[in-house]
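These are my notebook entries on a single chain. I looked up strand pairing, the nonpolar core and the charged contacts, in that order.

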Amino acid sequence: VAIPGKVAASATLGPPDGDYRAAGLFDSSVTEDACVDYWLLPDRQTGHVDVTLQGLEPVAKVLILNTQNGYSLDRATDLARIDLLARGAIVASREMRLRSYPDWTEFEFGGPARADALRVGIVSFRGKGGGLNEIKILRQ
């Protein structure tokens with residue numbers, strides 16, 4: 001598993017230092033009923049999360065766990081796009097419908113791509129808005 005460096009979101013529901021921050025996307029916590037360590041976008045907005053890796057890494061797959069917003073069950077990402085980047089240029093890209101929480105969605109890119117960053121874009125959502133629970137970046 002690749003270790004992320006900086007994680008930044010285009011927007012977050014609520015205050016920047018409150019709940020639902022993108023920093024929780026790599027904490028290996030996948031439960032939504034006991035804590036709010038998942039990322040949510042503001043109501044009815046699309047957006048993205050930018051992730052910087054430690055350096056150029058051979059990224060083979062990216063696993064995404066959708067959200068349902070805990071007990072509220074009122075938000076989920078429908079369509080997501082992942083761009084793998086090397087020095088700012090897109091080297092691989094894939095767009096897919098996300099499976100419902102708690103099932104993981106696996107993004108493959110036709111073989112490992114050397115990347116130093118990735119962007120996960122929320123293209124469309126269900127309910128009040130989109131978000132994500134967890135991301136795993138798998139090396140070759």
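Entry 1, strand pairing. I began with strand 3 and strand 6, which pair in the antiparallel sense over 14 bridges. The model is a predicted one. Within this pairing I noted that proline 58 stands opposite arginine 114 in strand 6.

I then followed strand 3 to its other partners. Strand 3 also pairs with strand 7, in the antiparallel sense and over seven bridges. For lysine 61 I found leucine 138 as the bridge partner in strand 7, and for asparagine 66 I found leucine 132. Strand 1, residues 4-9, pairs with strand 3 in the antiparallel sense over four bridges; here alanine 8 has aspartate 50 as its bridge partner in strand 3.

Strand 2 covers residues 39-40 and pairs with strand 7 over two bridges, again in the antiparallel sense. I recorded leucine 132 of strand 7 as the bridge partner of tryptophan 39.

Which residues have the most contacts inside the largest nonpolar core? I listed Val62, Ile64, Ile82, Leu84, Phe107 and Leu132, in a core of 28 residues. Strands 3, 4, 5, 6 and 7 each give two or more residues to this core, and strand 6 supplies the largest share, seven residues. In general, nonpolar side chains tend to be buried together in soluble globular proteins.

I took leucine 84 as one case. Among the residues that leucine 84 touches, leaving aside those up to four places away in sequence, are Val59, Val62, Ile90, Phe109 and Leu118.

Is leucine 98 buried or exposed? I count leucine 98 as buried because its relative accessibility is 7%, under the 20% limit. Leucine 98 is found in the loop between strand 5 and strand 6. Its contacts beyond four places in sequence include Ile64, Asp78, Thr105, Phe107, Arg126 and Leu132.

Threonine 105 is found in strand 6 and is buried, with a relative accessible area of 3%. Its side chain reaches the backbone nitrogen of arginine 99 at 2.8 Å. Threonine 105 touches Leu98 and Arg99, and also Val62 and Ile64, among others.

I counted nine salt bridges. I looked up three of them.

The side chains of aspartate 43 and arginine 75 meet at 2.2 Å, N to O. Aspartate 43 lies in the loop between strand 2 and strand 3 and arginine 75 in strand 4, so this pair ties together parts that are 32 residues apart in sequence. Aspartate 43 is partly exposed at 37%, whereas arginine 75 is buried at 6%.

The side chains of arginine 139 and glutamate 57 form a salt bridge at 3.3 Å, N to O. This pair links strand 7 and strand 3, with the two residues 82 apart. Arginine 139 is partly exposed at 41%, and glutamate 57 is buried at 9%.

Aspartate 78 and arginine 126 meet through their side chains at 3.2 Å, N to O. Aspartate 78 lies in strand 4 and arginine 126 in strand 6, 48 residues apart. I recorded aspartate 78 as buried at 18% and arginine 126 as partly exposed at 32%. Which residues are linked with these in a network of salt bridges? The network comprises Asp78, Arg97 and Arg126.

Definitions and conventions
Residues are numbered from 1 along each chain as its sequence is written. This is a predicted model: local features need pLDDT of at least 70, side-chain atom pairs count only at pLDDT 80 or more; totals for chains, interfaces and linings use all residues. Side-chain values use heavy atoms; hydrogens and water are left out. A nonpolar core is a set of buried Ala, Val, Leu, Ile, Met, Phe, Trp, Tyr and Cys residues joined through side-chain atoms within 4.5 Å. Buried means under 20% relative accessible area, exposed over 50%, partly exposed in between (1.4 Å probe, protein chains only). Contact means heavy atoms within 4.5 Å. Two strands pair if DSSP finds at least two bridges between them. A polar contact is a pair of N or O atoms within 3.5 Å; within protein, one must be able to donate a hydrogen and the other to accept it, and residues adjacent in sequence count only if both atoms are side-chain atoms. A salt bridge is a side-chain nitrogen of Lys or Arg within 4 Å of a carboxyl oxygen of Asp or Glu.
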